[in-house]
Amino acid sequence: MGAARADRRGTGGAERPVLGISAYYHDSAAALVADGVPLAAAQEERFTRRRHDSGFPTHAVASCLREAGLRLDELAAVAFYEDPALKFRRVLATWLATAPHGFPVFRRAFPQWAGWKRRALDDVRARLRELAPGRALPPVVAYRHHASHAASAFFPSPYPSAAVLCVDGVGEWATTTLWHGRGTDLVPLAELRFPHSLGMLYSAFTYFCGFKVDSGEYKLMGLAPYGTPRYAPLIRQRLIDIKPDGSFRLDLRHFTFQYGRTMVGRAFEELFDGPRRTPEGPLTEREFDLAASVQQVTEEVLLRLARTALERTGERRLCLAGGVALNCVANGRLLADGVCDELWIQPAAGDAGGSLGAALAESHRRGAPRAHVARGADAMAGALLGPGYSDREIARFLTDHGYPAVRLPERELTERVAAELARGRVVGWFQGRMEFGPRALGNRSILADPRDPATQSTLNLKTKFRESFRPFAPAVLAEDAKDWFDLAHESPYMLLTAQVAAARRRACETPAEAVRGLDLLRVPRSTIPAVTHVDGSSRVQTVTAEHNPRFHALLTAFRDRTGCPVLVNTSFNVRGEPIVRTPQEAYACFMRTRIDLLVLGDHLLDKRDQPEWREEADWRATIPMD
């Protein structure tokens with residue numbers, strides 16, 4: 001299962017590989033790097049099936065080593081993505097500064113922080129010994145949280161030099177950092193510290209609007225176009241003081257995240273017209289407007305920070321990482337407003353990507369080059385760095401379970417699937433190596449025809465089992481993207497939002513139930529309504545034959561048949577569940593949902609041909625809502 005055995009000295013022979021690990025907060029992951037080149041990376045949640053799993057990434061580590069054909073004792077080092085001792089000092093200082101309000105949380109959490117969390121590197125060593133009993137372990141080193149983010153942003157980028165901006169909730173102390181990347185050097189320039197955090201501000205509104213912190217922020221971003229930013233002036237006046245250079249301070253009297261188990265309390269409620277929305281409760285104009293308002297303020301801060309980073313470095317190229325870098329609307333503004341000439345965003349921009357950043361930082365510290373820069377390409381291999389399954393393994397799975405399938409040559413397969421998509425059928429698409437990061441990029445995807453206005457509600461309500469307001473992203477042939485979207489920049493990792501091109505816009509009917517309590521009849525849409533948000537925008541993925549030849553071939557076949565080089569591309573999972581990893585998981589999702597066809601490698605399965613699907617229990621009852 002996976003890639004051929006790697007040269008144990010690394011891809012260039014100069015240095016043994018480095019393993020990176022992120023763990024113990026959320027989105028734990030592992031990544032393997034050789035000579036500055038990512039070989040494998042995966043999130044632990046894909047193996048344990050626990051969304052945002054924070055435990056030690058035992059399975060992800062084993063998977064990365066297996067993909068490269070390596071043992072732990074063949075590695076040069078293991079790099080951890082943050083400094084546990086420094087993080088403990090920040091946690092302790094925060095408790096002391098907020099006493100006595102934070103005492104209940106302190107009483108519950110302090111024993112862990114005084115124990116293993118403060119010495120997390122010892123736990124990492126112990127868990128690695130369990131994976132390789134009796135063998136010598138490589139040295140375990142720690143990098144600071146934002147240093148790992150910065151390394152993940154700059155080192156895989158295609159740029160010889162660039163400004164680097166990292167923005168998230170908090171690492172040890174840092175919440176926002178500016179860097180200058182040149183060659184294999186990363187120089188820190190400026191830092192904002194906890195509790196003044198743009199990520200925490202956005203998460204406070206996520207919580208207040210009834211979504212889950214650390215996973216529901218993308219829902220808030222998707223909700224923003226339904227509202228008007230009428231609260232933005234109040235946010236600027238009462239919550240955040242923004243300076244011209246993008247630095248800021250929060251008015252902490254309105255927040256409780258510093259000392260409580262919640263993000264906000266009564267002062268926040270009084271400011272924004274009453275108590276927080278109950279999770280799963282009805283959405284109202286207030287939530288739409290709150291989302292639009294905090295999104296506007298977030299974009300303002302990021303644009304100012306980006307300008308400052310570029311001015312201080314003298315660069316016109318910008319690299320981004322940290323959880324806030326997943327805000328694709330703000331990312332799109334950076335290009336649309338001409339803040340920078342070129343932009344590269346780490347596809348695993350959150351904490352999972354910290355594992356890759358730590359491994360890259362250690363690899364380059366040991367002398368690894370950035371050979372990919374001479375080719376003008378990034379080093380992420382399209383983010384297709386997870387485990388894969390051969391057609392032989394897929395065929396064995398189908399045979400062992402008696403699942404009817406047809407095996408087709410690639411050209412016939414893509415033509416057949418394109419024809420079925422054009423007929424309005426929904427396809428589960430399982431190919432090659434799994435994506436690293438939160439986005440499905442054409443290897444673990446659910447695909448559909450974007451031209452049908454009913455596709456969005458059908459996929460949301462009957463396939464993904466999620467809120468009906470959620471937008472879907474388009475995958476488009478890179479060579480045709482400029483004719484369909486106002487985007488003059490590649491977007492291979494689905495991290496930029498752009499307007500649908502004027503030539504593709506028109507009015508179309510949208511079901512009134514698209515958002516509960518909001519009449520959306522005759523909103524501005526386009527000839528590809530299933531991937532056009534209410535403000536005419538789309539979160540675009542551009543697809544090249546170089547990064548994903550089979551997905552590119554399918555889009556080409558669909559374009560040749562329909563004249564449209566665009567497909568709906570959403571992650572192969574249902575709400576609350578991690579993206580599928582194995583053929584077994586793909587088949588179960590296929591049979592549980594309104595997916596009509598499943599493609600596993602070269603094998604095509606039609607639901608009408610499958611045996612009756614039975615499960616002893618209601619599978620949806622075991623999946624927590626995210």
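**Close-up views of a predicted model**

**View 1. Five strands make up an open sheet with mixed pairing.** On average, neighbouring strands here are turned by 20° against each other, direction ignored. Please keep in mind that the model is predicted.

**View 2. Strands β1 and β2 run antiparallel within the model.** Here we step in to look at one pair of strands. Strand β1 covers residues 18–22 and strand β2 covers residues 29–34, and five bridges join the two. To find your bearings, look for Val 18, which stands opposite Val 33 in β2. As a reminder, strands of a sheet pair through backbone hydrogen bonds, either parallel or antiparallel.

**View 3. The second largest pocket has a volume of about 530 Å³.** Its lining is made of 27 residues, and the closest to the pocket centre are Asp 378, Glu 490, Pro 492, Tyr 493 and His 547.

**View 4. What lines the second largest pocket?** By residue class, the lining divides into 14 nonpolar, nine polar and four charged residues. Which element gives the largest share of the lining? That is β12, with four residues.

How values were computed:
Residues numbered from 1 in each chain as written. Predicted model: local features only at pLDDT ≥ 70, side-chain atom pairs only at ≥ 80, totals over all residues. Heavy atoms only, no water. 1 Å grid on protein atoms, 1.4 Å probe; cavity = no way out; pocket = protein on both sides within 12 Å on 5 of 7 lines; lining within 4 Å. Points joined across faces, edges and corners; volume = space filled by probe spheres on them. Nonpolar A, V, L, I, M, F, W, Y, C, P; charged D, E, K, R; others polar. Pairing = 2+ DSSP bridges. Axes fitted to C-alpha atoms, helices over the stretch in contact; angles between N-to-C directions.
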